[in-house]
Structures are given as structure tokens and as C-alpha cells.
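Hi everyone, thanks for coming. Please have a look at the picture, and then I'll walk you through it.

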Amino acid sequence: MKKVFAGCALGLFAVGAGADEITYREHIRPLWLDRCERCHGSDAPYLGDFEEDRKRYEADDKGPRMDTYADLAFFASWPDTGALMRRLDDGSNTANGKPGNMYRELGRSEEERQANLKLFKRWVGKKAWTMKRPAEISKEELLRFKLAY
Ligand code: HEC
């Protein structure tokens, strides 16, 4: 009986603590599968290979591969700092006020795009949502990334 209670308490705590946390496994992975996988999946090249033969891959609608937690985080925090945010931003934070070129991939309607952008923002961390590149970002800013698994 004691054991059962301990298990319940733990379960409740986990649900409570995670209630408003956006995680890769629960929120981002399904969204990514729905909206990004067909061009960035396991049949797409890693960024290094992509860059060596960009034209060919682009003609084939393939962008750099980001089909795991680590490969997606690569484009948010390090080493390709800010790439995910520069591409997904709706224009509110970009230098020219225009949406990043992957923003349109976020949904079939403006409503869906905004809802999915919100999820990505909360996953990266509201304070971590930056357009900055690796050479521009400070250690303090890097430490703001959430990117919960
Ligand atoms: C129809 C195919 C397609 C879909 C769907 C798509 N992308 Fe892309 N993506 C590309 C291509 C091709 C490139 C490379 C060309 C470019 O830089 O714009 C790219 C580039 C990117 C980059 C820049 C990577 C770098 O070079 O640093 C990011 C980040 C990105 N996509 C994220 C996403 C996310 C997140 C989604 C889902 C919401 C998504 N893309 C959906 C085709 C796609």
C-alpha cells in the first residue's frame, strides 16, 4: 500500500511540474513530424553534406536533416545558433520585419502557424528567442535556452 502511494505522489508531481513545460517528446516531435519531416527527415543530408551540394538538395526539396532532438537543438542553440528562430519567426523579431522562409511551413492557416510558432517559442524559451548568430551571442544568452527533452 505504501508503495502504491509513493507511486501516485510521484505521478502527480510529474504531471504538475510538467503542466506548462513544452518538451521535445510531447509537443515538438509530433509538430515536427507533421510540418517539417518531409524535407528535414532521415533521408535528408546533415548540414555539412547539404552545404556541399546545396543546389541539388534544394531542387529535391531537401533541407538539412534535423530528425532527432540533438539535430534539431543544433539549429537553435549551438553550433548553428539562431537558425531555427530566424527561419520560423513571423516577422516580429526579424531585421527586415519579414517572416523567416520556414514560417509558412508551420501550418495550413495563419491561426495554425501562430499556434505552432508559440509552441516553438515556448520550447526554445521566450527569453531565448533570438535572431543572433554564433558570433553575436553571449554566454548569458546561451544559458537562457530551454529546449526541454
Ligand atoms: C517543402 C520542404 C520543407 C519543409 C516542409 C520545411 N523545410 Fe526547412 N528548409 C527546406 C530547405 C530546402 C531548406 C534549405 C534552403 C534554405 O536555406 O532556405 C530549409 C532550411 C531550413 C532551416 C535553415 C537551416 C540552416 O541552413 O541553417 C531551418 C532552421 C529550417 N529549414 C527549419 C524548418 C522547420 C522547423 C520546418 C517545419 C516547421 C521546416 N523547415 C519545414 C525545406 C523545407
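Let me begin with a definition: a residue is buried if 20 or more other C-beta atoms lie within 10 Å of its own, exposed if 12 or fewer, and partly exposed in between, with C-beta atoms placed from the backbone. By that rule Leu 147, with 18 C-beta neighbours inside 10 Å, counts as partly exposed. You'll find Leu 147 in the segment after helix H9 (139-142); helices here are DSSP runs of H or I with at least four residues, strands are runs of E with at least two, and both are numbered from the N terminus. Leu 147 has a positive phi of about 45° although it is not a glycine.

Before going on, two notes. This is a predicted model, where local features need pLDDT of at least 70 and side-chain atom pairs count only at pLDDT 80 or more, while totals for chains, interfaces and linings use all residues. Residues are numbered from 1 along each chain as its sequence is written.

Asp 61 is not a glycine either, and has a positive phi of about 60°. Asp 61 sits in the loop between helix H5 (54-59) and H6. Is Asp 61 buried or exposed? Asp 61 has 9 C-beta neighbours inside 10 Å, so it counts as exposed.

Trp 78 and Pro 79 are joined by a cis peptide bond, with omega about 5°.

Now to the ligand. Around it are 19 residues, and the closest are Cys 36, Cys 39, Gly 63, Ala 83 and Glu 105; here a residue is near if its C-beta atom, placed from the backbone, lies within 6 Å of the molecule. Helix H3 (37-40) and helix H7 (83-88) are the elements giving two or more residues to this shell. The largest share, four residues, comes from H7. By type, the shell has nine nonpolar, three polar and seven charged residues. Nonpolar means Ala, Val, Leu, Ile, Met, Phe, Trp, Tyr, Cys and Pro; charged means Asp, Glu, Lys and Arg; the others, Gly among them, are polar.

Last stop: Glu 21, in the loop between helix H1 (2-18) and H2. With 12 C-beta neighbours inside 10 Å, Glu 21 counts as exposed. Glu 21 and Arg 122 are 101 residues apart in sequence, yet 7.9 Å apart in space, C-alpha to C-alpha.
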